[in-house]
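I opened this entry to keep track of what I looked up, in the order in which I looked.

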Amino acid sequence: MSGTASRGVRPRPPRTATLALTSAAAALSLLLTACSSGSTTAAGSDGGELTLTEMDYYNTGTTMTALPQLLNSCGKQAGVTVKRQIVPDLRTKLIQLASSHAVPDLVLLDNPDLQQLAATGALADLGAAGLSTDGLYPNVVEAGRYQGKQYGVAPGVNALALYYNKKLLTQAGVEPPTTWDELKTAAKKLTDGDKRRGLGFAVPATEEGSFQFESFFLSAGADLTKLDSDQAVSALELLDGLVTSGSAPKDVLTWTQANVEEQFANGSLAMMVNGPWQLPQLKKAGMTEYGIVPMPTPTAGGTPSGALGGEVWAAGNNGAKSRKAAEVIKCMTSAKNSLTWSELTTYVPSSRQAAAKLAAGDPDMQPFVDGIAGAQGRTAKLGAKYPAYSQALWTAVQSALSGQKSPRAALGDAQRQATR
Amino acid sequence: MTLTLPDGAVHGRAGAPAGGGPGDGRRPRLRRRTLLRLGFLAPVVVYTAVFFLYPLIRNIQLSFQDFGIQSVYSGQAPYNGLGNYRKLFDDPVFLKSVTNTLVFVALSLLCQFLIGLGLAEFFRHTFPLSGLLRSLLLVPWLLPLVVAGTVFRWMLDTSNGVVNQVLLATHLVSDPVPWLNSPHTAMAGVLICNIWIGVPFNMVILYGGLQAIPAGLYEAAALDGAGRRQQFRHVTLPLLKPVIGVVLTLGLIYTLKVFDVIWVMTKGGPANATHTVTTYGYQLSFGGLSEFGVGAAAGDLLIVVAGLFAVFYLRSLRAETGGR
């Protein structure tokens, strides 16, 4: 057979050698393409329609389907195609992308993260690209600024308020509280052993915990640059007293805001601190007997304040594409689209006029709209340093509420940790 | 092409006396063989270099740089010597996370191993449905860690958790235990979940080790008058030693890097009570502080510790085989 004859001239090793070499080459080229694919897609399609990449973390409910529709129509106006990507851990992803200079053209990110990202230099100045912020709440505009430049614009914003279970309050003969003293008495009266707690809030070891605590902290008149002021201590003492007396469950240390909403909906909590985005969930759970009032203040007649919540649109620093991205953002944050988006997310529109219009048609939204004017941007004074303060703050809340330290000692440590 | 030269081998043998002769014949073959070897080696080397060596070296480099949020986009980060390590050891939270890691790893390993060994010994004697039971015990191992963590978070919930409901109903406690909500019990809560996850791994490997011990040895021991306990001490344990080494080393490296369970259950809280070096390192880099240099330093320390144990294990393995 020819096989035996050819074996004498050793055709096999070379063949395997080429095979091995090609496999090595293939592995190499695969690696190279995998590494470079990010940068090649960044170049626009020649002559054809420009494609912008977009990232956000809206992965539930109507927003998941509505956001691409809004992006499509705004993209059409700007003459671009928008390719959307849902990224749950958006902040981490954006930092990774910033380090490889592959930031998406459009991002919808949580407002306290904006300044840090702007500080990296990965974002485009929207003001220079011709975006105007006329008619928006001044504090909302401020939350999108970093070192005097407008890097982000919010389509809608939110703040926290106090939800209460109408039936339970009537049964107990309790009026919705407006001051801290009333809140304490009401929470105590509404508590029924282990079966039901008077008040629920969420202070887990994350930004969510700081955000919720800040609605007490800022209402007390404390300032985020000084975490251990007397006002700050009084706010933490309030929460500490509520948990120690059993008026609020110990679980507030691990619950998220969504968990609090579930407990309120099933009647385990008589009152809760939560945002307007929980309204659709409450209705879905069949909970209709609820009322909403502004956050109670330390004394009667005080102005409630809290941290400004919500996401902002920002554009990656990607040259010519940034100008197109700014056009899309302009459309996404226009009065009309801002209202549509706010209705979908049950947020408050960032335009004062649109907000008033929304509140007039929906009494549930009134306390939240009222809350926006007094809300403070978390990064307004601290800028890119906010995350360090926030981490110190949520740690202090956890130390105090778990009984490890007194509120004053916990906040003293927090201030030292933040300014370390 | 060179491979069509049929007489290369003959040349090499016959033409030896001629000056350039031997090289002419051998070199292509030699070169071919080297190429062949290199070709097979290349994918592994490239893979290791790109996915292990580069990240490792970059991480070590990062730990000597002042790499904060301002460096992310520009890539500019000044070297600061041991600054990151010094910062780490001045940080009370990091020191706490080191103690937490020691407690977490030691107790996880001890309990996983003892329960795993007990179960393996239990299943050595077959009984009706023992196979089914044994495979059911594997479920924790198959479950995604995030799922296990979430389920345990709700089971250990202070107000609504099933664990507290049972404890209260049986009057074992008079007040609900604040499992994940008190710095005194949170570590226990996280440990319970991690031990539950790790038991099947220990059981499977130890069960395999037990199967490999010849039954004759037990018969001989029994004839010599050894009871169950003495059989275990003098037959099972010595013969199981290599397997125990594998289980404990792999378990140690695995437990050192546990992240998901703690992150899902407590996020390192309450008040840093359950932060381990792994979770705190992540917190430093990605938790908002963006201290990538310090986070990398924490990661490096973990790698060194895990590496030390790996070397220790490999050496003991070599001594074992060398002794035979």
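Interface. I began with the contacts between the chains: 48 residues of chain B touch 48 residues of chain A, contact meaning heavy atoms within 4.5 Å. This is a predicted model, in which local features need pLDDT of at least 70 and side-chain atom pairs count only at pLDDT 80 or more, while totals for chains, interfaces and linings use all residues. For my own bookkeeping, residues are numbered from 1 along each chain as its sequence is written, chains are lettered from A and ligands numbered from 1 in the order in which they are written, and side-chain values use heavy atoms, with hydrogens and water left out.

I then looked up the area. Chain B and chain A bury about 4,100 Å² between them, and 61% of that lies on carbon and sulfur atoms; buried area is the accessible area (1.4 Å probe) that two parts lose on being put together, summed over both. I noted I69(B), Y73(B) and N181(B), which supply 18% of what chain B buries against chain A, more than any other three residues.

I found one salt bridge across it, the rule being a side-chain nitrogen of Lys or Arg within 4 Å of a carboxyl oxygen of Asp or Glu. The partners are R420(A) and D91(B), with their closest N and O atoms 3.7 Å apart.

Which elements of chain B give two or more residues to the side that touches chain A? I listed α2 (21-62), α3 (69-74), α4 (83-90), α8 (145-155) and α14 (277-286) of chain B. Helices (H or I, at least four residues) and strands (E, at least two) are DSSP runs, numbered from the N terminus. The largest share, 11 residues, comes from α2(B).

Five-stranded sheet. In chain A I traced an open sheet with the order β2-β1-β3-β12-β6 and mixed pairing; two strands pair if DSSP finds at least two bridges between them. β2 (80-86) and β6 (152-153) of chain A each have a single partner strand, so one side of each is left without a neighbour in the sheet. β6(A) runs antiparallel to β12 (residues 311-315) of chain A, joined to that strand by two bridges. I checked one position: G152(A) stands opposite A314(A). Helix α5 (residues 111-120) of chain A packs on this sheet, touching β3 (106-110), β6 and β12 of chain A, and makes about 125 degrees with β3(A). Axes are lines fitted to C-alpha atoms, for helices over the stretch in contact, and angles run from 0 to 180 degrees between N-to-C directions.

Four-stranded sheet. I read the order of a second open sheet of chain A as β9-β10-β8-β11, again with mixed pairing. Its neighbouring strands are turned by 20 degrees against each other on average, direction ignored. Four bridges join β8 (residues 161-165) of chain A to β11(A), and the two run antiparallel; L162(A) has V293(A) as its bridge partner in β11(A). I saw helix α11 (residues 257-265) of chain A lying across β8, β9, β10 (269-274) and β11 of chain A, at about 155 degrees to β10(A).

Local geometry. I noted a cis peptide bond between G269(B) and P270(B), with omega about -10 degrees. P270(B) sits in the loop between α13 (260-265) and α14 of chain B. H101(A), not a glycine, has a positive phi of about 55 degrees.
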